[in-house]
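Here are my notes on this model, point by point. Have the structure open while you read.

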Amino acid sequence: MKAKQQLSLLQAYKPGKPIDEVKRELGLEKVVKLASNENPYGCSKRVRQALYEQASLSVYPDGAGTGMKEAISTHLSVNKDEILLGSGLDEVIQIVSRALLTQEDNIVQATPTFSQYSHHAVIEGAEVREVPLYDGVHDLPAMLQAIDEHTKIVWVCNPNNPSGTYVNEQQLISFLREVPPSTLVILDEAYYEYVVATDYPQTLPLIHQYPNVMVMRTFSKAYGLAGLRIGYAVANAQLIEQLEVARLPFNTSSLAQASAVVALEDIAFVEECREKNRKELERYYDFCRKNRLFYYPSETNFILMELGISGDMAFQALLRAGYIVRSGGALGFPSMIRVSIGTAEENKGCIEQLQRLVDEAR
Ligand SMILES: *Cc1c(COP(=O)(O)O)cnc(C)c1O
């Protein structure tokens with residue numbers, strides 16, 4: 001069986017190594033996974049209760065996701081018809097790519113950035129134009145230069161995975177003023193709830209000012225619901241209506257929808273996670289400063305840092321010590337590792353191992 005030719009250019013997604021696999025392979029009793037930017041504090045207790053009470057598993061979910069759209073509409077002050085629900089942002093990225101991209105089109109994105117934008121563009125046969133980060137940050141002026149009349153989508157991952165850096169409000173607005181109306185600017189805000197920078201742009205009101213702007217958010221990171229697969233996009237109603245055609249009839253489960261509604265209400269949980277994350281992020285900053293190691297200041301729940309050895313070597317050494325991180329090798333930063341911020345105990349243990357590595361390398 002012959003698949004589309006362009007699939008031979010791609011590989012199936014390789015997730016962070018699962019804990020049980022590492023335990024088995026290395027004979028370790030305790031393994032800590034700091035590789036997939038999951039919430040180390042789990043999810044809101046109220047969500048657990050809601051999951052328990054969700055009785056009707058034998059009937060199809062509400063395909064339109066009415067209740068969840070109402071909740072998002074209330075909490076974020078956007079209209080219901082401006083919301084697209086997906087089985088995680090991964091699926092939203094797929095829906096948008098499938099609906100918009102043809103072989104005549106191109107996308108513009110940063111590099112390195114989140115892998116799925118180019119992945120789906122390639123599957124649709126579109127051209128991928130990659131613009132290197134500048135000092136670890138999206139180079140919006142250079143991205144503007146890369147746009148032409150065939151550019152359907154510009155991806156702005158804000159904050160950016162894997163660098164953790166962000167584009168500020170002024171940079172974004174200057175950019176939006178110049179982008180042609182035929183090009184959709186998609187702001188992937190998967191880490192929105194972790195941001196503390198005061199000049200980070202509040203983008204939802206922009207969708208009314210700019211019909212070519214879309215904002216994406218997810219319940220997988222700060223809300224701690226990665227296992228449920230639920231995320232959404234917000235954009236002008238006309239665009240959302242078109243995208244709805246490319247969506248599977250029941251793409252989000254009833255469990256995921258009900259949980260998301262409750263998760264949105266428990267603002268205190270997310271705030272607590274944001275504060276804890278900041279405090280723990282500082283622990284890594286301190287370690288890097290003390291050892292004069294390069295790192296990118298992060299607005300997320302992960303940090304990209306240099307240890308003086310290759311990312312792959314650091315990854316292997318940390319794995320043997322029971323800590324699963326991400327090697328920068330697979331993320332476009334071969335001399336770095338990306339560590340998800342865990343609980344205080346997890347971070348203390350990880351930093352002990354990082355210190356050992358740094359001391360050995362010197
Ligand atoms: C994790 C992540 C996603 C995907 O999130 P899901 O909602 O779990 O599919 C999308 N974009 C970025 C930048 C991410 O880091």
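1. Terms first: strands (E, at least two residues) and helices (H or I, at least four) are DSSP runs numbered from the N terminus, and two strands pair if DSSP finds at least two bridges between them. The model is predicted, so local features need pLDDT of at least 70 and side-chain atom pairs count only at pLDDT 80 or more, while totals for chains, interfaces and linings use all residues. Residues are numbered from 1 along each chain as its sequence is written, and side-chain values use heavy atoms, leaving out hydrogens and water.

2. On to the sheet. Seven strands form an open sheet with mixed pairing, in the order S2-S8-S7-S6-S5-S3-S4. Strands S2 (83-86) and S4 (127-132) are the edges, each pairing on one side only. Neighbouring strands here are turned by 20° against each other on average, direction ignored (axes are lines fitted to C-alpha atoms, for helices over the stretch in contact; angles run from 0 to 180 degrees between N-to-C directions).

3. Look at S5 (residues 151-157) and S6 (residues 184-188): they run parallel, joined by five bridges. Cys157 sits opposite Asp188 in S6.

4. Helix H5 (residues 116-123) packs on the sheet, touching S3 (106-111), S4, S5 and S6, where contact means heavy atoms within 4.5 Å. The direction of H5 makes about 155° with that of S3.

5. Then check helix H9 (residues 237-245). H9 lies across S2, S6, S7 (213-218) and S8 (231-234), running at about 30° to S2.
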